Amino acid sequence: MDNLIIATQTGGILKPFAWILGKILEVLYDGFAFFGIYNIGLLIIVFTFVVRMLMLPMTIKQQKFTKMNSVMTPEIQAIQKKYKNRRDQASVQAMNEETQAVYQKYGVSPSGSCIFMIIQLPILFALYRVIYNVPAYITNVKNTFDGLVTGIMGTAGYQDTMNSFLTSVSEKNSVFRGITLNFSGSSQQAHDSIIDVLYKCTSSNWTLLQDKFSGLSDVIASTQSAVEHFNNFLGINIVYSPKTIIATSFQEGHYVLIILALLVPILAALTQFLNLRLMPQAASNGGQQEAMAGQMKMMNYMMPLYSVFIVFFLPVGVGIYWIAGSVIRSFQQFLLNKHFDKMDLEKVIKE
């Protein structure tokens with residue numbers, strides 16, 4: 001998985017999804033820039049809202065299936081009771097046919113919920129890639145690095161120097177996981193891979209870069225200032241993980257930053273737990289579905305705890321997406337619950 005997270009646009013099956021999401025992100029960034037706003041953290045929140053609204057039709061269909069499932073479950077249970085302890089081929093076939101007739105009656109598919117999840121998965125995975133690789137999808141962000149990268153590539157022996165730099169900064173820093181320098185391909189690939197590295201740099205990394213390329217001190221300082229400006233959200237840099245921010249801030253005595261960094265994984269867990277509590281649960285018709293319902297209940301408690309661990313080690317930008325997504329989903333779910341509670345099921349079944 002490490003090699004999939006790179007500054008150049010992601011390839012493979014996720015490429016078209018990431019490209020579309022990247023275009024949405026770029027349009028939003030340019031819109032913000034028109035009003036003089038350059039903030040990737042705020043952009044991620046608005047971007048998450050737009051994506052969630054685009055996915056709302058799929059969410060509604062999935063919720064509708066869950067609601068209909070609660071109505072038809074008694075009929076399914078009656079069929080299972082009718083054929084209980086009858087395992088001959090004719091009985092099994094008859095039970096399957098009667099069960100399928102119930103699904104057809106209510107206009108749903110037993111695999112409907114899974115299909116909606118499968119459709120959403122590539123979108124969600126691509127979304128993570130875009131947030132990881134912002135310069136690859138927003139031209140104006142990428143252009144911020146052009147002057148510095150041109151200067152680096154114009155310095156004699158820059159390949160060895162950059163390789164040495166990456167080795168130094170990547171030690172014990174998960175932000176650089178999956179980041180590689182590509183000097184074996186075209187000059188454009190080398191250019192983009194250097195941007196990969198520079199976008200992930202911390203303040204101490206920029207200082208080391210100035211030591212490595214002392215002749216580029218001015219352009220390094222101006223680039224660092226621009227990057228730290230649009231990556232700053234409520235005082236913390238969205239490229240760094242909470243773990244990195246806490247370790248650095250503790251050494252420098254910036255205790256407010258430690259509190260802010262701790263809030264990111266905590267809020268990620270709390271907002272996800274709220275979202276899961278609002279989600280309607282499909283009714284169980286016994287047997288395997290009852291076991292699956294028990295597993296889902298377990299996951300409802302484990303996922304928020306798991307998100308604490310994941311967000312703690314990932315860039316804050318991903319944490320912002322996680323929190324924003326959970327808050328938006330919770331608000332959507334609250335409204336959907338109100339809507340489905342008022343829904344005339346008899347009318348829907350008739351249709």
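Gln224 sits in helix α12, which covers residues 217-230. Before going further, note that this is a predicted model. Is Gln224 buried or exposed? Its relative accessibility is 17%, and because the limit for buried is under 20%, Gln224 counts as buried. If we set aside neighbours within four places in sequence, Gln224 is in contact with Ser203 and Trp206.

Those two partners take us to the neighbouring topic, the pairing of α11 with α12. Ser203 and Trp206 belong to α11, and together with Leu209 and Gln210 they meet a set of α12 residues: Ser217, Ile220, Ala221, Thr223, Gln224, Val227 and Glu228. As for geometry, helix α11 spans residues 203-212, and it packs against α12 at an angle of about 165 degrees, with the axes 10 Å apart. Angles over 145 degrees count as roughly antiparallel, so that is the label for α11 and α12. The crossing of α11 past α12 is right-handed.

Next, the pair α9 and α10. Helix α9 is residues 158-170 and helix α10 is residues 187-199; their axes are 11 Å apart and the packing angle is about 30 degrees. That angle makes α9 roughly parallel to α10. The crossing here is left-handed. Which residues make the contact? From α9 they are Tyr158, Met162, Phe165 and Leu166, and from α10 they are Ala190, Ile194 and Val197. By class, the contact of α9 with α10 has seven nonpolar residues, no polar and no charged.

Helix α2 runs over residues 40-54 and helix α16 over residues 316-341, and their axes come within 9 Å, crossing at roughly 40 degrees. The two helices are therefore oblique to each other. In handedness, α2 passes α16 in a right-handed crossing. On the α2 side the contact is made by Gly41, Ile44, Ile45, Thr48, Phe49, Arg52 and Met53. On the α16 side it is made by Gly317, Ile320, Tyr321, Ala324, Gly325, Ile328, Arg329 and Gln332. Sorted by class, the residues of this contact are eight nonpolar, five polar and two charged.

Now the charged pairs. Side chains of opposite charge can pair when their charged atoms come close. How many salt bridges are there? The count comes to three.

One of them joins the side chains of Lys23 and Glu26, at 3.6 Å from N to O. Both residues lie in helix α1, residues 15-34, and they are three residues apart, about one turn of the helix. In terms of accessibility, Lys23 is partly exposed at 38%, whereas Glu26 is buried, with a relative accessible area of 11%.

Another is between Glu98 and Lys82, with the closest N and O atoms 3.2 Å apart. This pair links distant parts of the chain, 16 residues apart: Glu98 is in helix α4, residues 89-106, and Lys82 is in helix α3, residues 56-82. Glu98 counts as partly exposed at 26% relative accessibility, and Lys82 is partly exposed with a relative accessible area of 45%.

The remaining one brings us back to α10. Asp192 and Lys142 meet through their side chains in a salt bridge, at 2.9 Å from N to O. Asp192 is in helix α10 and Lys142 is in helix α7, residues 139-143, so to speak of separation, the pair links distant parts of the chain, 50 residues apart. Asp192 is buried, with a relative accessible area of 13%, while Lys142 is partly exposed at 23%.

One last item concerns the backbone. Leu234 is not a glycine, yet it has a positive phi of about 55 degrees. Where is Leu234? It is in the loop between β1, residues 232-233, and β2, residues 236-237. At 64% relative accessibility, Leu234 counts as exposed.

To recap the helix pairs: α11 and α12 are roughly antiparallel, α9 is roughly parallel to α10, and α2 and α16 are oblique to each other. That is everything I have for today.

Notes. Residues numbered from 1 in each chain as written. Predicted model: local features only at pLDDT ≥ 70, side-chain atom pairs only at ≥ 80, totals over all residues. Heavy atoms only, no water. Axes fitted to C-alpha atoms, helices over the stretch in contact; angles between N-to-C directions. Helix = DSSP H or I, 4+ residues; strand = E, 2+ residues; numbered from the N terminus. Parallel < 35°, antiparallel > 145°, perpendicular 65-115°, else oblique. Left-handed = near helix turned anticlockwise from the far one by under 90°. Contact = heavy atoms within 4.5 Å. Nonpolar A, V, L, I, M, F, W, Y, C, P; charged D, E, K, R; others polar. Salt bridge = Lys/Arg side-chain N within 4 Å of Asp/Glu carboxyl O. Buried < 20%, exposed > 50% of the residue type's maximum accessible area, 1.4 Å probe, protein only.
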